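Here is a short report on one protein model.

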Amino acid sequence: MSIVSAAFVIFITVVFLLYFIVPKRWQWKVLLIASYCFYSFSDFRYIVFLLLTTMSTYVLARYLERIAIEGKAYIKENKSTLSKEERKEYKDTIKKRKQKTVLIAVVFNLLILIVLKYGNFILLNSVSVLKLLWPTLKVYRLNLFVPLGISFYTLQAIGYVVDVYKEQIEADKNFFQYALFLSYFPQIIQGPISRHNQLAHQLYESHSIDYDRMTKGIQLIIWGFIKKLVIADRIGIIVDEIFKHWTVYSGAYLFFGVAAFGMQLYCDFSGGMDIARGVSQVLGIELTLNFRRPYFSCSLEEFWRRWHITLGAFMREYIFYPVSLSKASGRLGKKARNIFGNYIGKKLPTFLAMFLVFILVGIWHGPQWKYIGYGLYNGAIIVSSILLEPIYESVAARLHIDRESKGWRLFRMVRTFAICSMGRFFSRAKSFKIAIKMMLATVLHFNMPSQTLSLTELGIVREDVIMLIVMLCILLIVGILQEKEIRIRDSIASKNIVFRWTIYIGAILLVALYGMYGPGNSGEGFIYEQF
C-alpha cells in the first residue's frame, strides 16, 4: 500500500479513530496491529524476516542486559573478597561475553540483509571472477526477494542492540512493544532510522486528541502529498525521458536531467518523510527530522549533514567514530605522520574512516557497482575539499573575497548543487559504465544544440511546465522562510478561520486535481522504498 494512495488515506483514518477511541492503555496495541497489517499488504512473506530481526535482537538485547546486571551484582557482593586484579579479570570476562553477544546480533541480522539484498550481486560477481579460470562455469541467479524497508529496520535494530551493549538504554521488557518500535508503519518503508531512546517511549505512552497537533500534522501530510504527487512525479517524467535517451542529448541537457533528478529525489523522499511525520504528529508522536533543506548547503559535507540526517547520524555513531577513534587508527596515524607529515598524517585515519562510511552508504543504497561509485565520488570530494581548504583560504585572502558575504554564500550553494548533481549520475544511470559516460559527456560536450528543446518536448504538456515552475518557486520560498526559522505552520494556524481553510482546501484541491495518478506515473511508490 503506497502512502500516497486513497487506500492509505482510508487506512490512517481508521487507525486515527481506533487509536483515540480505545482505552489509552491499548493505544500502542492498535499501532502494533496497524503496523503489521500495513506491512503485510505489500507481501505477507516479508513479515517472516521482520519477525526474525525482531526476535533475535529482542532476545540478545535482554541477554546483554542480564550479563551486565549479573556482573555488577557479583562484583558488589564480593567486593571485599576480590582483589583488584580479580575484579579487573572478571570485568574483562563480562566485557568479552557482551562483545560476543552483540557480535552475534549484528552479524546474524546483517547476514539476513546481505543474503536477501546482495546475494545475487555477490554471487554473479564471484562467478565472473571464477569464469576467468573456468570459462564453462554457468551462472545461476538465486530466486530471492527483498522485503520493503529491510535496510531501514535492520539498521534501527542494530542501533538498538549496540545502545543496550553500551548501557545507554535499557532493553525492552515487553516483546510486543519492541515489535512496535521496529515495525511502526509510518516509518518502516523509508525511515527515518530512529533511536530507541527517541521514539520507543512515545510509542508506548498514551496520547489524547489535540486539535492544534492534529491540524499541524494534517498540514504536513498534505504538504508531503504535494511534494510527491505534484512536484516529484512531474519532474520524474522529464528525468525518465533524458536518462532513457541520454545518447541523443547534449551535455547541457544531461546536466539539466541529473539536476532535475536531484530535485525529484528530494521532493519524493522528503515528501514521504513529511507524510510519516504528519501521521505521527496526529497520533502525538514526534519523528526525528530527516531533511533540513539540503540544497541550501555551502559544501558537500554540509549537504550530507542536512540530507537523510538519521542515516548520517547512524554512520557517524556506529561506524565513523568507532573506526576513526580505534587503537588501530591511532597507530596508523603515528606511522602516517612520519611518512606524510603532520597535516596529512594526522587526518589520514579520519579520511579512511570517511571513505569507509561513504562506501557503506553507497552499498546501502543498492547491490550495484554504480552505488559504490556514488559513495566513492562523495568521499573523494569531501576528503579533497578538506585537504585543499588551506589553499582555498589563501586564494580567498589574496583576491580579497569576503567568505562571509551573501554573494559568496550563494556561489558556494550553486557550486555545491552542481557537485552534488554530478554525483547523482551514479544513482540514476542504469549502470556504473553509463554513469561515467554521462558524466564525461556532460563535461566534454556542455553545449546547447542550435535548436533548443522545450520542456514540452521532454514529455510533459505546457500546463505541467507552468505548474512545475510555480510549485518550485513556492518550494524555494518555503525553504528560505524555514532557513530564517520562520514557523510556517504556526503562522498559518494563527490566521483567521477563513484564511486558514482557504489554504487547506486549496492545498487539498491542488493534490486532487494536479497530482500525477494512474498508469505511467510513479505515484504508486517512492524511490527509496527499494532501499
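E483 is partly exposed at 25% relative accessibility. Here buried means under 20% relative accessible area, exposed means over 50%, and partly exposed lies in between, with a 1.4 Å probe and protein chains only. The model is predicted: local features need pLDDT of at least 70, side-chain atom pairs count only at pLDDT 80 or more, and totals for chains, interfaces and linings use all residues. Residues are numbered from 1 along each chain as its sequence is written, and side-chain values use heavy atoms, with hydrogens and water left out.

**Salt bridges**

E483 forms a salt bridge with R409. The term covers a side-chain nitrogen of Lys or Arg within 4 Å of a carboxyl oxygen of Asp or Glu. Side chains of opposite charge can pair when their charged atoms come close. By this rule the count comes to 19 salt bridges. Three of them are tabulated here, with the closest N and O atoms.

| Pair | Closest N and O atoms |
|---|---|
| E317 and K166 | 3.6 Å |
| D233 and K228 | 3.2 Å |
| R409 and E483 | 3.9 Å |

R409 sits in helix α17 (residues 406–428) and E483 in helix α19 (residues 462–483), so their pair ties together parts that are 74 residues apart in sequence. Helices (H or I, at least four residues) are DSSP runs, numbered from the N terminus; strands (E) need at least two. R409 is partly exposed, at 34% relative accessible area. Both residues also belong to a network of salt bridges that links R293, E302, R306, R409 and E483.

The pair of E317 and K166 links distant parts of the chain, 151 residues apart. E317 is in helix α12 (residues 309–324), while K166 is in the loop between α5 (150–165) and α6 (175–183). E317 is partly exposed at 24%. K166 is partly exposed at 36%.

Are D233 and K228 buried or exposed? D233 is buried, with 2% relative accessibility. K228 is buried too, at 0%.

**Helix α14**

Helix α14 covers residues 342–365, which makes 24 residues. The expected span is 1.5 Å times one less than the number of residues. Buried residues of α14 include G345, P349, F351, W364 and H365.

**Cysteines**

How many disulfides does a search of the whole structure find? It finds 0, a disulfide being a pair of cysteine sulfur atoms within 2.5 Å. The sulfur of C267 is 13 Å from the closest cysteine sulfur, in C473, too far for a bond. C298 is in no disulfide either, and its nearest cysteine sulfur, that of C420, is 13 Å away. C267 is buried at 0% relative accessible area. C298 is buried at 4%.

**Nonpolar patch**

Y211, I497, V498, W501, I505, L509, L513 and Y514 make a nonpolar surface patch of about 880 Å². Patches use residues with over 30% relative accessible area and no salt bridge; like charges are joined within 9 Å, nonpolar side chains (Val, Leu, Ile, Met, Phe, Trp, Tyr) within 5 Å. Areas come from the Shrake-Rupley method with a 1.4 Å probe; for residues, only the protein chains shown count as cover. Helix α21 (residues 497–514) gives the largest share, 7 residues. L509 lies in α21 and is partly exposed at 45%.
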